[in-house]
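Try each task by eye in the viewer, then read on.

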Amino acid sequence: ILKDEIQRIATAKKLGIDIVEKDYILSWVLAAIHHHDATKNSWIFKGGTCLKKCYFETYRFSEDLDFTYRGEAHEPTEDYYKNIFIEIAQWIYENAGIELPQQGIEFEVFTNPRNTTSVQGKLTYRGPIQRNVGITRLPRLKIDLTLDEPTLVDPQIKNVGHPYSDMLEEGKRILAYSYEELFAEKLRALVQRLRPRDLYDVIHLYQQRDANINIGLLKQTLQKKCALRSVPFPKIELIENHDNRKLLESEWATQLRHQMPELPSFDLFLNELGKILDWVAIKN
C-alpha cells in the first residue's frame, strides 16, 4: 500500500503514523508465520498484540509479537531462527512488497531467569513510510518465543485483523491462544510484574468478554499457570501491596498514551480490578 493510506488511517485514529505502519507490518509478519511450514502449527500467538489482531479491533495498538512454542523438540540456535525468517521475509516481499532486510534479522537464544531457554528476535522493516531510509535508521519489531510454557487449552486458528486495502485471497490467519488462556496468562502477568499494559488488558478482557466464556476453564487454567511459575493466585491485596504499585500509576500514561487515541482513567481501571478478581475467585 502507499504511504497516503497509512497517513489517512493514522489521522482518523488520532495515532502516530509510525504506530499504524507497524500495525500494518505486524499483519503481514503474522500471515507469513502462518504460511511457513516450520512455524504455522507450532508457534502459538498470544499477548497484547494477539488481543488487538485476533479478538478486539478497537483495542490498544501494540508493538511486539509474543508466541509460545508447541512442537517437536529441536536444538534452538540463532541460525535456525534467522534462516526461517529470511524465508518469511522473502514471502512477505513477494506478497506485499515490504522489505525485511536480511542484515536486519537478528535472533538471540538465551537462558532466562527461570534457567530455561528463551528466544528473542528483532526484525527491521522498510514499509510504506520510509522506503528510502538506510538500514541503521529503519524501525524494528520484536518477537518473543517462549519454549517452556505448556499450552493448556487447545489453540484456535483466528483471522488477523487487517484494516488495509491489500489482502491475501484467503485472508490472513494465525494459530492463537484461546480467550480463556489469554485471560489467564494476563492475570498471572499482572500479579508477577504489575505493568500498565497488563492492567489495561485484564480490564478489557473482562469488559468485552463473550457470553460463552468458560469461567470454570479460565479459573482452572489460571490455577495451573500460577502453579507453573510459583505465582500466588491473583487477589486484590497482592496488587495493592506489590513492589510496583506506585510505578503502575506513575507509568500509566507513559507506557500507554501512544497506543490509543484517548487514554482511559487509571483510577477507573484500578477500581474495576477488584470486581474481576472476585469474579475469577468465586466462580466454579
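**Exercise 1. Is Glu272 buried or exposed, and what does it touch?**

Start with accessibility: Glu272 comes out at 18% relative accessibility, so it counts as buried (under 20% relative accessible area; exposed is over 50%, partly exposed in between, with a 1.4 Å probe and protein chains only). Before going further, a word on the source: this is a predicted model, where local features need pLDDT of at least 70 and side-chain atom pairs count only at pLDDT 80 or more, while totals for chains, interfaces and linings use all residues. Residues are numbered from 1 along each chain as its sequence is written, and side-chain values use heavy atoms, leaving out hydrogens and water.

Helices here are DSSP runs (H or I, at least four residues), numbered from the N terminus. Finally, look for contacts (heavy atoms within 4.5 Å). Leaving aside residues up to four places away in sequence, Glu272 touches Ile203, Tyr206 and Gln207.

**Exercise 2. Work out where Ile6 lies and which residues it touches.**

Ile6 belongs to helix H1 (residues 3–13). Its relative accessibility is 0%, so Ile6 counts as buried. Now list the neighbours, again not counting residues up to four places away in sequence: Ile6 touches Ile1, Ile17, Val20, Glu21, Tyr24, Pro128, Ile129 and Tyr164.

**Exercise 3. Compare the span of helix H2 with the expected one, then check its burial.**

Helix H2 covers residues 17–35, which is 19 residues.

**Exercise 4. Describe how H3 and H5 pack.**

Two packed helices are described by the angle between their axes and the distance between the axes. The axes are lines fitted to C-alpha atoms over the stretch in contact, with angles running from 0 to 180 degrees between N-to-C directions.

- Geometry: the axes of H3 (residues 47–55) and H5 come within 11 Å and cross at roughly 150°.
- Orientation: H3 and H5 are therefore roughly antiparallel (over 145 degrees; under 35 is roughly parallel, 65 to 115 roughly perpendicular and the rest oblique).
- Contact: Gly47, Gly48, Cys50, Leu51 and Tyr55 of H3 meet Tyr179, Leu182 and Lys186 of H5.
- Cover: H3 is mostly covered, with 9 of its 9 residues buried.

**Exercise 5. At what angle does H5 meet H7, and which residues make the contact?**

- Geometry: the axes of H5 (residues 179–193) and H7 (residues 215–228) come within 9 Å and cross at roughly 45°.
- Orientation: that angle makes H5 oblique to H7.
- Contact: H5 supplies Glu180, Glu181, Phe183, Ala184, Glu185, Leu187 and Arg188, while H7 supplies Leu217, Leu218, Thr221, Leu222, Lys225, Cys226 and Leu228.

**Exercise 6. Find the angle and axis distance for H5 and H6.**

H5 and H6 (residues 196–207) pack at about 145°, with their axes 9 Å apart. Among the contact residues are Phe183 and Leu187 of H5 and Leu199 and Val202 of H6.

Methods
Helices (H or I, at least four residues) and strands (E, at least two) are DSSP runs, numbered from the N terminus. The expected span of a helix is 1.5 Å times one less than its number of residues.
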